[in-house]
Each structure stands twice: as structure tokens, then as C-alpha cells.
Amino acid sequence: MSPSSAVAEPVAPAARPGRYPLALFRSELQLVFGRARTWVLLAVLAGVPLLIGIAIKLSGSEGGGEGFIGQVAGNGLFLIVASLGLSLPFFLPTAVTVIAGESLAGESSLGTLRNLLTAPAGRSRLLAAKMVALIVFCLAATLTIWLSGLIVGFALFPVGDVLLLSGTTIPLGEGLLRALGIAVVIALSLLGLAGIGLFVSSLTSTPLAAMAATFGTFIVLGILTAIPQIDVIHPWLLMFRWTSFADLLRDPPYWGAIGKNLLLQAGYLTVFYAAAWARITSRDIV
Amino acid sequence: MGATQRSRRWLVPVAAVAVVAGVGTLGPVVADASPKLPGISAQELLAKVQTAKVDGLSGTVQSSADLGLPALPGVAGGSDSPSGAVTELLSGKHTARVAFAAPDKARVSVLDTMAERVWTMDGKSAWAYDSAEREAVKLNLPAHQPGKPAAGTPKSYDPQSVAKQFLDAIDPSTKVDVSGTEKVAGRDAYKLRLIPRADQTTVGSVTLAVDSKTWVPLQVTVLPRTGKDPAVQVGFSQVSFDVPAASTFAFTPPKGVKVTEPKTPTTRPDRPAKPIDPKAVPGKPNLKAGNEPTVIGEGWSAVVLVRGAELTGANGPLDQLLAGAQQVQGSWGKGKIVTSKMVNVLLTDDGRVFAGLVTPQTLQDAAAKAPR
């Protein structure tokens with residue numbers, strides 16, 4: 001930003017509606033989902049089930065493999081679960097990092113944050129709107145995979161009753177519902193990372209730096225999770241219980257680990273949202 | 001807004017960190033606070049435990065074993081190979097669902113990461129199911145033997161049977177007292193503590209948390225002689241004493257699952273039950289047939305001797321362990337000693353393996369006394 005812009009200017013009229021919270025949230029959603037890059041990210045995520053589905057179809061394996069991937073050939077519904085599971089360690093965090101890193105730093109770099117911060121909307125409310133947009137994006141991302149997995153799975157493979165981990169079978173409808181539950185749980189699992197991203201984004205006016213720093217943090221946490229010597233701190237690490245989503249496929253579902261995972265995400269979100277709030281409300285407008 | 005006033009806003013995230021960390025660390029402690037219960041003597045409590053009888057129960061069992069073996073990166077997973085199974089047993093944290101209605105009606109399902117292993121028996125047949133392999137093993141239970149536990153059922157996931165094993169072994173070698181109360185699985189429980197009198201053993205104490213209403217042991221904790229962290233802890237995190245429905249124990253092989261049916265009931269060789277019994281020694285690799293283990297000594301200082309165990313081979317983590325083992329010698333010969341917080345193993349150069357929950361010196365004494 002040029003130094004001249006640091007000089008206090010007369011308060012510009014609100015660029016976007018801010019008087020009503022709903023209007024602010026709506027404008028934030030329009031901002032996130034109006035961007036081409038958001039749609040590119042969602043398209044990439046939608047491509048994951050397609051890629052896996054075609055690979056399994058071409059290899060022609062008859063359900064020989066282990067785990068969810070091995071069940072896809074026998075029941076297309078497992079393409080949803082397998083795609084969600086495979087996207088969780090890398091694709092989904094990348095997408096969330098990009099959107100979260102952009103959220104505040106992007107406005108900063110364009111100079112629009114200044115307008116927003118002086119607008120009657122209030123800084124706290126602006127931050128809340130950014131967070132809500134992030135949550136909606138997380139849900140959109142996993143539901144995209146769910147939907148794409150559903151279409152590809154049903155198109156390429158036979159579907160039928162769903163075999164649960166406990167060895168019991170449930171009807172297809174309930175299976176789809178549980179897969180939907182998995183999509184929601186995974187979306188919520190990403191919120192801790194989204195909170196970190198939002199905070200980092202409030203620190204800088206370079207979106208790329210925010211994305212890199214957030215993703216770096218994610219990588220470091222991932223490495224720490226993989227070191228057995230420090231298993232004392234493992235329960236505190238962001239992605240330690242990410243695999244708990246599969247507990248929804250037990251009979252009955254086991255909520256213990258899922259609950260702990262969501263509590264952990266809520267903890268991360270609280271801390272980093274509070275930090276982002278402290279940063280954004282104490283920040284000088286430049 | 002002044003600068004100081006603004007910087008004070010940073011107190012909010014700091015407070016958030018404190019609250020989150022506080023809830024995370026203190027929450028479980030507060031929930032486990034000692035309940036107030038009328039006093040009871042160890043003898044009364046023991047008697048109540050031995051006569052405890054429930055018609056059925058179901059719940060979630062958490063088990064963790066930390067025998068102090070060095071953690072080896074890269075071998076944490078994979079329970080398919082024998083070495084993987086050993087590693088899994090020695091440093092494992094497991095969650096299992098258990099249900100019990102009669103000696104021949106029981107179900108244990110171990111909740112693995114994105115997989116589940118189920119053992120169940122409904123009185124007529126027993127099933128073992130592995131969701132990762134999507135394979136089921138069926139055994140027809142012999143008739144008129146209701147008292148006999150089914151093959152392959154890892155009984156040690158049931159704290160009740162684990163406790164019984166310990167109680168049966170009680171003799172003058174052990175000091176027994178009631179060391180207080182605690183909450184286990186939301187129930188008020190007495191703590192029955194067993195302290196070995198012999199100082200040859202590495203076991204510091206074994207504590208049973210006994211439910212104050214049904215007198216069923218809800219948790220077993222084994223503490224090493226040194227250190228405060230439990231070496232083994234098996235206990236309910238949630239329990240109900242309602243008799244589970246009969247359908248709980250039934251197993252219908254789903255479509256697409258390979259079912260094998262061995263002719264005679266045998267234990268599944270690749271899934272050893274979790275050894276918590278002081279005499280059992282986890283991790284005896286590749287035993288040749290005919291080499292029956294011999295027990296030297298008794299009680300806490302018992303040492304197990306195995307001859308001609310094959311110790312090298314494709315056993316990656318074991319070789320790693322042995323490479324760092326201490327070289328010892330005595331009147332019994334030369335060998336290597338593998339030490340950990342709980343289990344110590346002496347491997348002599350002539351192929352004998354001594355193992356036990358005893359001090360390394362006790363192992364060497366046993367080796368000196370043992371016939372060749």
C-alpha cells in the first residue's frame with residue numbers, strides 16, 4: 001500500500017450494506033462465492049470422486065482391497081466415504097487455507113478493509129461475517145464431494161444395502177444419510193484450521209503470505225501428530241481425531257471420539273477467533 | 001481508543017487459551033473426583049467382589065498399555081504381521097464395546113481407526129469379524145459346555161475377568177488394602193489396591209476400581225514400581241447393567257464377506273488376547289512347536305523361560321530393540337537384556353529367553369538356577 005493511503009481520509013460511505021447483520025453476512029457470502037477461485041476449488045474437490053471412481057473402474061478390482069476404497073467396487077455409496085476420507089488430509093485443508101488466508105488479508109491488499117472497518121458494520125461484526133462465510137465454505141466443500149461422489153458412485157458402480165464396520169447392514173437411504181453426516185462432521189473438523197487461517201489473515205495484508213503461513217502451521221501440526229515420542233501432546237493437536245468420522249459407520253455410531261474431535265475444533269476456533277478479534281479491533285486502519 | 005486500551009483486547013485470546021487448556025486438562029480430573037462412600041475393609045470388599053454377579057452388562061471399555069518400550073516410528077500401525085501385533089499390544093490405546101449376558105453370550109468389538117474387529121457368540125456359534133479384511137470366521141460352539149469361553153474372545157477386554165485373574169493369584173505375597181474411592185464411568189467405586197511384597201518385581205501396585213453397588217470391578221490399573229503413569233489400564237468409560245438384547249450377540253454374515261469355518265474350535269493365532277496377567281509375557285516371537293514355556297519361581301517374581309526361540313528374521317522392530325540391548329554375562333553364560341518400565345527380557349546366547357515382570361537382576365538369578 002502506498003504511504004499516502006496511511007493518512008487518515010474522510011470516512012468513506014459504507015461500500016457494502018452493513019447496518020443489518022444479515023445483509024453483511026449475505027454480502028460476505030457473495031464475496032466468497034462470487035470469486036472464480038472458490039469455484040475452481042470446489043470443482044477440484046468435485047473431481048476427487050470422479051478420479052477415484054474412474055481409477056477403480058479401470059483397474060477392474062472386485063472389492064479386493066482393504067478399507068473403504070476396497071468397498072467402492074461393490075457398492076458405489078462407499079465412493080462418497082472414500083473420497084471424503086482421502087480429501088481430508090490434503091485437498092480440503094488446502095481449500096480451506098486458500099479461502100481463510102484470503103478473507104481479511106485479501107481485503108487489506110485491495111484497500112477495501114479500510115472502508116469496511118470504518119463502516120457502521122463494526123469490526124466485530126465484520127469478523128463474524130467472515131467466519132460465517134468460512135463455515136459455509138467448509139460445508140460447501142464437503143457437500144460438493146458428497147454430491148459428486150453420489151453421482152459418480154451411482155453412475156459407475158452397483159449400489160445397495162450398506163455394510164457397516166460392525167458387520168451389520170443398513171438400507172441405502174440410511175447409508176446416504178450417514179454419508180451426509182460424515183460430510184458435516186468433516187466440515188466441522190476443518191473449523192479449527194479455518195480459525196487459524198482467519199487469525200493469520202488478520203495479521204498481514206498479503207493473502208499469499210497468510211495462505212503459506214496457515215498451510216505451514218497445518219504441516220507442522222501434521223508432522224507433530226506423526227511423532228510417537230510426543231504422544232502426550234497428541235490429543236491437543238488439530239488433526240489428531242480427524243479420522244473419527246468413520247465412527248459414524250459403526251452400529252450404533254460411536255460418538256465418543258467425534259465429540260472429542262468437535263470439542264478440540266471448538267477450542268482451536270475459540271482461541272484463534274478471539275485472537276483475530278483482538279487483532280482486528282485493535283488494529284490501526286492503514 | 002488509546003493504545004493501552006486497545007492492547008488490552010489481547011487479554012481476550014489469552015483468556016481463551018487459559019479457559020480451553022483448563023477445561024481440557026482439569027475437566028477429566030474434576031469428573032473423577034473421589035466420591036464419599038461408607039468405609040469398607042479390604043476383606044469385605046474382596047468378598048463382595050468374588051460374589052459379584054450381574055445378569056448382563058454392556059458398555060465401552062478403554063484400554064491403554066504403556067510398558068515403556070521405546071516408541072519406534074513407522075511400526076505403530078499394521079496388526080497383520082506378528083511384529084505389528086506385538087507393537088500394538090505393547091503401546092496400544094484401544095476402545096472396545098463389550099456386551100455380556102451369559103458365559104456363552106458375549107460380544108467384544110474393538111474400535112480401530114476406520115475399522116472394527118468383532119468377536120461375538122450367541123450361545124450356538126461364535127464369530128470373529130474383521131472389517132478391514134471383510135472376513136468372518138465362524139465357529140460352532142460345542143454343546144453342553146456353557147461355562148467354557150469361546151475361542152478367540154479376548155477376555156481381557158472384560159475388566160471383570162481381568163480382576164478375577166488377579167484375585168485368584170492373591171496369596172501372602174501381596175498386601176491388599178482399600179486405598180480410597182473414585183468415579184469410574186460415572187459410578188462411585190472403591191479402590192482395592194494390591195501391592196506386591198517382593199521387591200524383585202517391577203509391578204508397583206495393581207488397583208481395582210470396584211463399583212459400590214454391583215461390586216463389579218470397573219477398572220484395573222497397573223502401576224510400575226517407578227513412575228506415576230499406569231503401565232496398563234483397562235476400564236469402562238461407560239457402562240450399563242441392563243441385560244443386552246439377544247440380537248446384540250447375533251451375527252449375520254453380510255453379503256460380500258468371506259466366511260471361513262475351521263473344523264475344530266481353535267484360537268485365532270494372529271489375535272492373541274491381551275496379556276495382563278503378571279505371568280504372561282507379551283511379545284514372545286516365533287515360538288517353535290514343542291517349546292513349552294516353563295515358569296520359574298512363583299507369584300510376582302515368576303520368570304517365564306522359553307527355549308529355542310527364533311529371534312532374528314524379518315522382525316524389523318525386534319532387531320532394532322535387540323541392537324540397543326545391554327550385553328550381560330554371569331555364571332549362566334552370556335546374553336542380552338532388554339529392559340523396559342515393566343517387562344524385562346533376557347536372551348541368552350544359547351537360545352533361552354527369560355522374561356517377566358521382574359528386575360533384570362532377578363532374571364539373571366533365574367537364569368543361573370534354570371536347567372539348561
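My notes follow in the order of looking up.

The model is predicted; local features need pLDDT of at least 70, side-chain atom pairs count only at pLDDT 80 or more, and totals for chains, interfaces and linings use all residues. Residues are numbered from 1 along each chain as its sequence is written, and chains are lettered from A and ligands numbered from 1 in the order in which they are written.

**Annotated spans.** I took the "transmembrane region" annotation from the unreviewed UniProt entry, where it covers residues 36–56, 76–100, 132–157, 177–201, 208–230 and 262–280 of chain A. Such annotations may be inferred rather than shown by experiment. I looked at residues 76–100 of chain A and found 84% helix, 0% strand and end C-alpha atoms 33 Å apart. For residues 208–230 of chain A I noted 83% helix, 0% strand and 31 Å between the end C-alpha atoms. Helices (H or I, at least four residues) and strands (E, at least two) are DSSP runs.

**Helix pair.** The axes (lines fitted to C-alpha atoms over the stretch in contact) of α4 (residues 77–87) and α8 (residues 172–189) of chain A come within 10 Å and cross at roughly 10 degrees. That makes α4(A) roughly parallel to α8(A) (angles under 35 degrees count as such). On the α4(A) side I listed A:L77, A:I80, A:V81 and A:L84; the α8(A) residues include A:G175 and A:A179. Contact requires C-beta atoms, placed from the backbone, within 7 Å. By class, I recorded 10 nonpolar, one polar and no charged residues.

**Chain contact.** I found 28 residues of chain B in contact with 27 residues of chain A. On the chain B side, α2(B) gives the largest share, six residues. That side divides into 17 nonpolar, seven polar and four charged residues. Ala, Val, Leu, Ile, Met, Phe, Trp, Tyr, Cys and Pro count as nonpolar, Asp, Glu, Lys and Arg as charged, and the others, Gly among them, as polar.

Conventions:
Axes are lines fitted to C-alpha atoms, for helices over the stretch in contact, and angles run from 0 to 180 degrees between N-to-C directions. Angles under 35 degrees count as roughly parallel, over 145 as roughly antiparallel, 65 to 115 as roughly perpendicular and the rest as oblique. Two residues are in contact if their C-beta atoms, placed from the backbone, lie within 7 Å.
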